[in-house]
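Dear colleague,

Please find below the sequence and structure that I am handing over to you.

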Amino acid sequence: MHVIFRTLLVLLRARRRPTMTPWESSVVTLRALPTDVDIARHINNGQYFSLFDLGRFDLMARSGLWAQMRKRGWSPVVQSEQITFRRSVTFMTRFQIHTRMIGFDEKCFYFEQRAVVDGEIYVRAHIAGRLLSSAGPVPNAEILGAIRDLGHEVPEDLTVSEELQAWRRDSALPAARKPAPNTW
């Protein structure tokens, strides 16, 4: 909730920014604010995921997917995410969030996101997401159909690497309707 105002600002600004396809890279420029940093004066590791949401919202809004999702009653959710740190983004440092959709597997679509300072990658994350409707998960074929309905061409090969697919499969919890007992 603490990035709700930034989220609204990103969505409002996206209306005035150039449109893009879902396959292009979105870039959002931010500054590491007091609400982003921890006692070590750098962005808290958990905060990156909230900030990366902003990049995905910008990409979805500028490509028309956000409006299309809302019209169809779809809601985005994260299924899995992984992050790797190279350097710390420190208090009041200006940085960019680079976001691009990199493909699909049988269940999810994937984004790669980066925190970049002065052209250098400081942090990289991969996010596997789904869209949900009142009837349950939206099949990838419907998502790609919605992208085509917006007039965007869909690349022929949208398969993500086997490494990313294995990461998502190997780290997945049981489905929500199956038991997942906490035994330790």
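The notes below concern a strand, a helix and several salt bridges in this predicted model.

E1 pairs with strand E3 (residues 94-104) in the antiparallel sense, over 6 bridges. Within E3, His98 is the bridge partner of Val27.

In helix H3 (residues 65-72), Leu65, Gln68 and Met69 are buried. They lie on the same side of H3 because they cover an arc of only 100 degrees around the axis. Ala67, Arg70 and Lys71, on the other side of H3, are exposed. The cover over the buried residues of H3 includes helices H2 and H4 and strands E2 and E5. After H3 comes Gly73, with a positive phi near 75 degrees.

The count of salt bridges comes to 10. One of them joins the side chains of Asp58 and Arg17, at 3.1 Å from N to O. This pair links distant parts of the chain, 41 residues apart: Asp58 is in helix H2, and Arg17 is in the loop between helix H1 and E1. Asp58 also forms a salt bridge with Arg62, with 3.0 Å between the closest N and O atoms. Both Asp58 and Arg62 are buried, while Arg17 is partly exposed, at 29% relative accessible area.

With kind regards

Notes. Residues are numbered from 1 along each chain as its sequence is written. This is a predicted model: local features need pLDDT of at least 70, side-chain atom pairs count only at pLDDT 80 or more; totals for chains, interfaces and linings use all residues. Side-chain values use heavy atoms; hydrogens and water are left out. Two strands pair if DSSP finds at least two bridges between them. Helices (H or I, at least four residues) and strands (E, at least two) are DSSP runs, numbered from the N terminus. Buried means under 20% relative accessible area, exposed over 50%, partly exposed in between (1.4 Å probe, protein chains only). The arc is that of the directions from the helix axis to the C-beta atoms. Contact means heavy atoms within 4.5 Å. A salt bridge is a side-chain nitrogen of Lys or Arg within 4 Å of a carboxyl oxygen of Asp or Glu.
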